[in-house]
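This report describes a protein chain from its overall form down to single residues. Please look at the sequence and the structure before reading on.

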Amino acid sequence: MPGAASYNSARDHLLEVQDLKTYFHTHDGVVKAVQGVTFHLDKGETLGIVGESGSGKSVTALSIMRLIPQPPGCFEHGKVRFRDVSIIDVTEEHSSNGRRARRIDRSVSEGQMRRVRGGDIGMIFQDPMTSLNPLLTVGRQIREGVQTHLGLGKKEANERAAEMLTKVGIPNAKQRLGDYAHQFSGGMRQRVMIAIALSTNPDLLIADEPTTALDVTIQAQILDLIRNLASEFGSSTILITHDLGVVAGMADRVAVMYAGYIVETGKLDDIFYRARHPYTHMLLQSIPRLDRDPGTELKPIPGSPPDLLNLAPGCPFAPRCPNVIDVCRREMPPLDPVGSGQLVACWNPMKDEPA
């Protein structure tokens, strides 16, 4: 099955995602936002998920958190397992004549999921201004998760909230607990989001475009903060971004997404110096890099991402790909190994050479 590469299940996999498909049923048709995504995350590891806007990165993250609104969203197929919790477990049962009979959902209940969400798994959302409640003080928003998941009283929860604001670099933390989101700058609001996400000592932190709309200096501070606090709390991290430069300084492994598929995944050095999928190769050529000669011409990727409502058969990158061959337009390639831990979904991959 395309994109459904199998990993050897291991007890130390903190998170396993297997053949996840998340669709949105709209009046115009079915948007296949995530199509058979498979990956795993080990304890203490950082996985970077990269790709252009609309590639399915955020929907994958929201699926793991089970925050997809249903309807219009629907988990069509796949499994997401966090330790011993089946966050998503949806299969299809077929009748003897091969027709689709019914979907079988063995996922945990929403009540069980609420104990995981915000407690064992924390998430930093893209836009803190819309993610923070404008009617509640930031202290109350931090305190809510701490009281729910750690069972602390109001006094202890306030102390924990002040401690977290101090850890994320907000001065006068105790006084600022009574402030509202609009009283903080963009960078400070993002720090509050990090404080909320890490206040319950989660085993997994999902950071979805945590530096969007921040200037370069603040971006670097936020990334350092996430890295250092994740290390301090022992959290594994999924970092979602369209910026390969962000991934370069943060991730142990990288998954590259395009049109809802993971098209390449591997260790950081494999992706940056031995990219095999043409899309990954072209992404790397389209950004400035310090290890290139000054004046090296950047090469934009021609064309536009496909319409997920009307996907043509075959590989979705085929219309933009310089390596396209006939089979690319007929059939989506499987995610196959091309090296130690490196997987590529391509019928005609690039040679093993730097991008």
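The text below goes from the whole chain to a sheet, a strand, a helix and a few backbone details.

**The whole chain**

The model shown here is predicted. Its protein chain holds eleven helices and 13 strands. The radius of gyration is 21 Å, close to the 20 Å that the globule rule gives for 355 residues, so the chain is as compact as a globular protein of that length. Along the principal axes, the C-alpha atoms fill a box of roughly 65 × 60 × 40 Å.

Of the 355 residues in the chain, 50% are buried. The chain exposes about 16800 Å², and carbon and sulfur atoms supply 49% of that area. Contacts can also be sorted by how far apart the partners lie in sequence. Among contacts between residues at least 6 apart in sequence, 63% join residues at least 24 apart.

**The sheet and strand β3**

Which strands make up the open sheet, and in what order? The sheet has eight strands in the order β7-β8-β9-β3-β10-β11-β13-β12, and the pairing is mixed. Its edge strands are β7 and β12 (336-337), each of which pairs on one side only. Strands of a sheet pair through backbone hydrogen bonds, either parallel or antiparallel.

Strand β3 covers residues 46-50. It runs parallel to β9, to which five bridges join it. Some of the bridge partners can be named. Thr46 stands opposite Thr237 in β9. In β10, Ile49 has Ala255 as its bridge partner, and Val50 stands opposite Val256.

Are the residues of β3 buried or exposed? Five of its five residues are buried, so the strand is mostly covered; the cut-off for buried is under 20% relative accessible area. In a regular strand the side chains alternate between the two faces of the sheet. In β3, Thr46, Gly48 and Val50 point one way, while Leu47 and Ile49 point the other way. Residues pointing either way from β3 are buried.

**Helix α8**

Helix α8 spans residues 216-233, which makes 18 residues. From its first C-alpha to its last it reaches 26 Å, close to the 26 Å expected at 1.5 Å a residue. The buried residues of α8 are Gln219, Ile222, Leu223, Leu225, Ile226, Leu229, Ala230 and Phe233. Seen down the axis of α8, these buried residues fall within an arc of 160°, so they line one face of the helix. An α-helix has 3.6 residues a turn, so residues three or four places apart point the same way. On the other side of α8, Val216, Thr217 and Ser231 are exposed.

What do the buried residues of α8 pack against? Their partners include the strands β7 (121-124), β8 (204-208) and β9 (236-241). The helices α5 (154-167), α7 (186-198) and α9 (244-248) are also among the elements they pack against. Just after α8, Gly234 takes a positive phi of about 70°.

**A residue in helix α7**

Met188 lies in helix α7. Its relative accessible area is 22%, so Met188 counts as partly exposed. Leaving out residues up to four places away in sequence, Met188 touches Gly169, Ile170 and Pro171. Met188 and Gly249 are 61 residues apart in sequence, and their C-alpha atoms are 22 Å apart in space.

**Backbone details**

Most residues other than glycine have a negative phi, and most peptide bonds are trans.

| Site | Feature | Value |
|---|---|---|
| Gln70 and Pro71 | cis peptide bond | omega about -10° |
| Pro71 and Pro72 | cis peptide bond | omega about 5° |
| Arg83 | positive phi, not a glycine | phi about 50° |
| Asn201 | positive phi, not a glycine | phi about 55° |

Where do these residues lie? Pro71 is in the loop between α1 (57-64) and β4 (73-82), and Pro72 is in the loop between α1 and β4 too. Arg83 belongs to the loop between β4 and β5 (85-94). At 38% relative accessibility, Arg83 is partly exposed. Asn201 sits in the loop between α7 and β8. Its relative accessible area is 38%, so Asn201 counts as partly exposed.

Notes: Residues are numbered from 1 along each chain as its sequence is written. This is a predicted model: local features need pLDDT of at least 70, side-chain atom pairs count only at pLDDT 80 or more; totals for chains, interfaces and linings use all residues. Side-chain values use heavy atoms; hydrogens and water are left out. Helices (H or I, at least four residues) and strands (E, at least two) are DSSP runs, numbered from the N terminus. The expected span of a helix is 1.5 Å times one less than its number of residues. Buried means under 20% relative accessible area, exposed over 50%, partly exposed in between (1.4 Å probe, protein chains only). The arc is that of the directions from the helix axis to the C-beta atoms. Contact means heavy atoms within 4.5 Å. The radius of gyration is taken over C-alpha atoms; the globule rule is 2.2 Å times the number of residues to the power 0.38. Accessible areas come from the Shrake-Rupley method with a 1.4 Å probe; for residues, only the protein chains shown count as cover. Two strands pair if DSSP finds at least two bridges between them.
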